[in-house]
Amino acid sequence: LEKEGIVFCGPLGRLNVLDSRNFGANSLRCNNVISKATCRGLNGRRRRSWGNQRCIYLIPMIVLVSLVGICESFRQDPIASPNRSTRSTLLSQKNLLEDVHEEGKTSRLQRLLPSAWRNKNMSSWEIVESLASRLLSVESAAAVKTVRTILTQFGDHGVVDVFKEYPPRDVVSSILALSRLQRASQYYAEEHQLIAKEFKDPELLEKLARYAVFAKAAYGWKMDLAMRGRLHLGGDSKALLKETGIEEEDIIVARWTAKTHRPAYFLVRDKKHQRLVLSIRGTWSARDVLTDLCCTGEDFETPSGTKHAHHGMLEAARGIAADVEEEVQTFLNTNKDYQLVIVGHSLGGGVAAVLGTLWEGVFPGVHVYAYGCPCVGLMDVEPTSSNSIVSVVGEGDPFSCLSLGHIAELSSAIAHLCKNESLRTAALIHSDSPVEQMDEQDLKWCHESMQEIRNQMTGNTMYPPGRILYISRHNLNEDVDDVIALREMPPSYFHDLRLHSRMLDISRQVPTMYENYLQRLWEETCANAEIE
């Protein structure tokens, strides 16, 4: 990229496009990308010039697409990767072990390694798997092997290595053109009400606000300390009691330590509303990350037919079912007035959705509330099509449209624009202004062009499960609080991995955000009902 005139200075701190031939008449510059400029650029009243916005949009796009090239370099041997620090670290460790061996000394780590490693007969991936099998649990070692298979067979999932196939200049301009087409198409669809449905269900809103507290409580006292600066003395269980208002005798099972394919969770009794609540924690540890990264799809059977889900979430759901199904069955048999509710945030929401699908014939009437839920399964297949699952997705949540299928289709769309220079140029011309200032004809052209590109995508894209409620925030006046809206969206709204400046911003996915926004919406609903 430096050879093509694009220079990055610092970790996402500054981006200079020095060569202006393909990016307009003027050179573009954007400073302080992460701080005020980015935060105000999309929704705030104070807007940057469109030139600076274009510059900022390039950063996460290039980073994301570059991951394809990085994974390609790992296909043969991680030590051969372009990451100098990683390579030097691995080589220095290897040389250290060889030196120790030559001196006749034996370290604990050396004894764990097979002789083939010391004789330089194993690839680095084989070394990683060998160490994992000796140092990690069986589940974690199996997950490492699964992740290795995914990375080394990235192309088999339809991912195109665009930086290998096309000149960097064409890739960057295609990324810019695709991001503009996505924004214009989305704006056109929203303006013509082609997507969203108005949400009017106060009873469901009250439940969502109530159980968002239980979903966040699964993170224990550390989440409140990290997000609010609150320290709960007494550990995770005390924090649970304080957050939810239940009593200590209402806790049936609480496992606060996660394993690979078995997130932390708790099972409690909500006496006030006569519900048995199973809350599953989201990603909070390295073992949870391994569960996330086992991201291929897998079919599974239930009494009602064949379903499809994210492999890691399916394994996690099976693990939790094996742990607590007997306790749940015993409690519900004894307390006939209670109903089962499964809740979770992030990874926990995905596992809750899959677990609810597994249990639909075991515990009739089970309801699932998932917050910030990632992509779980294919379109028109449960749990994606389940009516007993409600997913709440926040605006800009990076994991609501991120799966192997999304990455494959994104790379295919960029490749299509790289090959079709006339379409790429036309897209840049038609969208060379903010979407609010584009005329109707240009917006319609962008929308139709984006639809044509989508029709050529054939990846196995996954979607958030069940009925999807979308939280959006609008700043209409700097002197008042943002306006929060809740709308119902079809799964197809999450078909595109959208390219924008905050596409990897995980702050838009934290559980406290869902708790606060839903509570605020519920309070506004109650206030409006009193006025009427």
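**Salt bridges and their surroundings in the predicted model**

The side chains of Asp-170 and Arg-424 meet in a salt bridge, with 3.5 Å from N to O, a salt bridge being a side-chain nitrogen of Lys or Arg within 4 Å of a carboxyl oxygen of Asp or Glu. This pair links distant parts of the chain, since Asp-170 belongs to helix H9 (residues 168-191) and Arg-424 to helix H17, 254 residues apart; helices (H or I, at least four residues) and strands (E, at least two) are DSSP runs, numbered from the N terminus. Arg-424 counts as buried at 6% relative accessibility, whereas Asp-170, at 21%, counts as partly exposed; buried means under 20% relative accessible area, exposed over 50% and partly exposed in between, with a 1.4 Å probe and protein chains only.

The structure is a predicted model, in which local features need pLDDT of at least 70 and side-chain atom pairs count only at pLDDT 80 or more, while totals for chains, interfaces and linings use all residues. Residues are numbered from 1 along each chain as its sequence is written, and side-chain values use heavy atoms, with hydrogens and water left out.

The protein holds 19 helices and 16 strands, and 51% of its 532 residues count as buried. In total, the structure holds 20 salt bridges. One of them joins Asp-250 to Lys-271, the closest N and O atoms being 3.7 Å apart. Asp-250 lies in the loop between H12 and E5 and Lys-271 in the loop between strand E6 (265-270) and strand E7 (275-280), so the pair ties together parts that are 21 residues apart in sequence. Asp-250 is buried, at 3% relative accessibility, and Lys-271 is partly exposed, at 36%. Both residues also belong to a network of salt bridges that links them with Glu-247, Glu-249 and Arg-269.

Ile-251 is placed in strand E5 (residues 251-255) and, at 21% relative accessibility, counts as partly exposed. Apart from its neighbours within four places in sequence, Ile-251 is in contact (heavy atoms within 4.5 Å) with Leu-240, Leu-241, Ile-246, Leu-267 and Val-268. Leu-240 and Leu-241 are among the buried residues of helix H12 (residues 235-244), and just after H12, Gly-245 takes a positive phi of about 80 degrees.

A further salt bridge is formed by the side chains of Glu-360 and Lys-307, at 3.6 Å from N to O. Glu-360 lies in the loop between helix H15 (347-358) and strand E11 (367-371) and Lys-307 in strand E9 (residues 305-310), so this pair ties together parts that are 53 residues apart in sequence.
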